[in-house]
Amino acid sequence: MKKINALAILGLVVLGACGPRNLAQMPMPAPMDPTQAMAPAVEDNAAIAGRVLQQINTLRANIGAAALMPNPQLEAAAMAHARDMSAQNRAWHWGSDGSSPLDRARRQGFSGVIIGENISESYENDMQTLAAWMSTRDTRDVIMDPTATQLGFAWFTEPSGKIWWTLLTGS
C-alpha cells in the first residue's frame, strides 16, 4: 500500500514539473464579445474589397491562375444576396424568392458564366472569412478555379455586428 501511495505522489510530482511556469504572470485574454468583433467600418468598403481582391489574386498567381477582375454586376448580385441572407437569417445559396446565384447575376445584367458562390455568416473580418473559405475544398475551388476571370464580393453588416458575406466568381 505504501509503494502505491509513494508511486502516486512521485507521479504527481513528475507531472507537476511538466506544467507551465509562472502562471500568475500569464495574462488571461479578455473574453471576446461577438458584437464588438472586427466588423468592417462603413468607410472602409473600398479598402476591404481591394484587399480581398489583391489577396485572392496573390493566391491565384501562386498556382499560375489568371488574376480576377472586379465586376460591378457580380458585386451588385453579391450585395443583394448578402442583404437577403440577413433578412432570412440563414446563410444559403437560395434567395428568399427562390433565386439561384445565376438568377441574381442575370438580374444585375451579367451575361457570362457563373463559376460559383461562396457565402458566410460570421463576426469575422474579411481576411478571416477568406481564410475560412480557403480552408475548405468546395469554397476554395470557387476562388481558385482557373476558368474564373471576374469577381463580385460584398457583405452586409447587421447592427449587432453580424456580417453576411457573399463572393461570386464568373467568366
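This is a predicted model: local features need pLDDT of at least 70, side-chain atom pairs count only at pLDDT 80 or more; totals for chains, interfaces and linings use all residues.

Residues are numbered from 1 along each chain as its sequence is written, and side-chain values use heavy atoms, with hydrogens and water left out.

Helices (H or I, at least four residues) and strands (E, at least two) are DSSP runs, numbered from the N terminus. Helix 2 and helix 5 pack with their axes 10 Å apart, at an angle of about 30°; axes are lines fitted to C-alpha atoms, for helices over the stretch in contact, and angles run from 0 to 180 degrees between N-to-C directions. The two helices are therefore roughly parallel to each other, a term for angles under 35 degrees.

Contact means heavy atoms within 4.5 Å, and the residues of this pair that meet are tabulated here.

| Helix | Residues in the contact |
|---|---|
| Helix 2 (residues 45-62) | Ile 48, Arg 51, Val 52, Gln 55, Ile 56, Leu 59 |
| Helix 5 (residues 126-134) | Asp 126, Met 127, Leu 130, Met 134 |

In helix 6 (residues 137-144), Thr 139, Val 142, Ile 143 and Met 144 are buried, that is, under 20% relative accessible area with a 1.4 Å probe and protein chains only. The buried residues of helix 6 pack against helix 2, helix 5, strand 2 (114-122) and strand 4 (163-170).

Asp 103 lies in helix 4 (residues 101-107), and its C-alpha atom is separated by 9.9 Å from that of Ile 114, 11 residues apart along the chain.

Technical notes:
Angles under 35 degrees count as roughly parallel, over 145 as roughly antiparallel, 65 to 115 as roughly perpendicular and the rest as oblique. Buried means under 20% relative accessible area, exposed over 50%, partly exposed in between (1.4 Å probe, protein chains only).
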